[in-house]
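Please look through the sequence and the model below before reading on. The paragraphs that follow move from a loop residue to the chain as a whole, and then to its helices and strands.

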Amino acid sequence: MTDEHDIGDSLTLLADNGDPISIYPSSTTNVVMARIKSVDPENPYFVLELNEGEFLPPGDAIFVAWLRSAKIQFKLTSPDWACTPGEPTLIPLEFPLKCQVLNRRASTRLETPLGIYYMASFVLNGKPYELQLYDFSAGGVGMRAPPRDCVGLYVGRKLQRVRLELGPDSVMIADLEIRLSRTFRSFLLGEQVQIGCQFLNLSPSMQEELSRLLDKLNSSKQR
């Protein structure tokens, strides 16, 4: 993707959705998490918002995000990643000259139906948790809750025997690994934390059951 308007449209969609951006600096193995705060409607500029406490070291960096069902990737470089005055988490940047659209998701991610509460409940270090599911796929689930209910849920944490309520009378027990954690503000719910998790060690029977549930949900959405 090299057309400036196509790149701008893609960045705008990422900004509107509040989708997470994973940044891979060339000088470190640490992954920096961020999102796109805004995109200039007239000029090839956008504002990157780093997650609280994140730091982007000088030099080259690869930016990666999911755009609908495909992965988008581009490279930018800066000697200092200068922030907006008085806003240490906001970094104004120029559009990349090109973006790569990479392999598509191996599985479709479906949002849970409105008005029906799909829940994930588990115990971590003796503390019980219960979070609302907002989407799931054959690869993992997305959960959200207020920050007070997400204390201790860090990227890389493994969650054992999570009870997933995936629809009326449909319960699944699975192990998960947290791959994403970001804070956002919802107009209706206030401040929320989005937790993205990947399934671990699903047995063939569990994979079959999950596929059945996904097909059922997908069919109900198309009616």
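**A walk through the chain**

Asn201 is found in the loop that connects strand 14 (190–200) to helix 2 (204–222), where helices (H or I, at least four residues) and strands (E, at least two) are DSSP runs numbered from the N terminus. The phi of Asn201 is positive, at about 55°, although this residue is not a glycine. Most residues other than glycine have a negative phi. Asn201 is exposed, with a relative accessible area of 74%; here exposed means over 50% relative accessible area, buried means under 20%, and partly exposed lies in between, with a 1.4 Å probe and protein chains only.

The model is predicted, so that local features need pLDDT of at least 70 and side-chain atom pairs count only at pLDDT 80 or more, whereas totals for chains, interfaces and linings use all residues. Residues are numbered from 1 along each chain as its sequence is written, and side-chain values use heavy atoms, with hydrogens and water left out.

Taken as a whole, the chain has 2 helices and 14 strands, and buried residues make up 43% of its 223 residues. Among contacts (heavy atoms within 4.5 Å) between residues at least 6 apart in sequence, 53% join residues that are at least 24 apart. The accessible surface of the chain, from the Shrake-Rupley method with a 1.4 Å probe, comes to about 13000 Å², and 49% of this belongs to carbon and sulfur atoms.

Helix 1 (residues 4–17) has 14 residues and reaches 20 Å from its first C-alpha to its last, which is close to the 20 Å expected at 1.5 Å a residue, the expected span being 1.5 Å times one less than the number of residues. Within helix 1, the residues Ile7, Gly8, Ser10, Leu11, Leu14 and Ala15 are buried. Seen down the axis of helix 1, these buried residues fall within an arc of 165°, so they line one face of the helix; the arc is taken over the directions from the helix axis to the C-beta atoms. His5, Asp9 and Asp16 are exposed on the other side of helix 1. The buried residues of helix 1 pack against several strands, including strand 1 (20–25), strand 2 (32–39) and strand 4 (59–67). At the N-terminal end, Asp3 caps helix 1, with a side-chain oxygen 2.9 Å from the backbone nitrogen of His5, and just after helix 1, Gly18 takes a positive phi of about 70°.

Strand 1 and strand 2 pair in the antiparallel sense over 4 bridges, where pairing requires that DSSP finds at least two bridges between two strands. Ile23 stands opposite Val32 in strand 2, and strand 1 and strand 2 form a hairpin with 6 residues between them. Strand 1 also runs antiparallel to strand 4, to which 4 bridges join it, and Pro25 stands opposite Ala61 in strand 4.

Arg161, in strand 12 (residues 158–165), has a positive phi of about 50° although it is not a glycine, and Arg161 is exposed, with a relative accessible area of 61%.

Key. A polar contact is a pair of N or O atoms within 3.5 Å; within protein, one must be able to donate a hydrogen and the other to accept it, and residues adjacent in sequence count only if both atoms are side-chain atoms.
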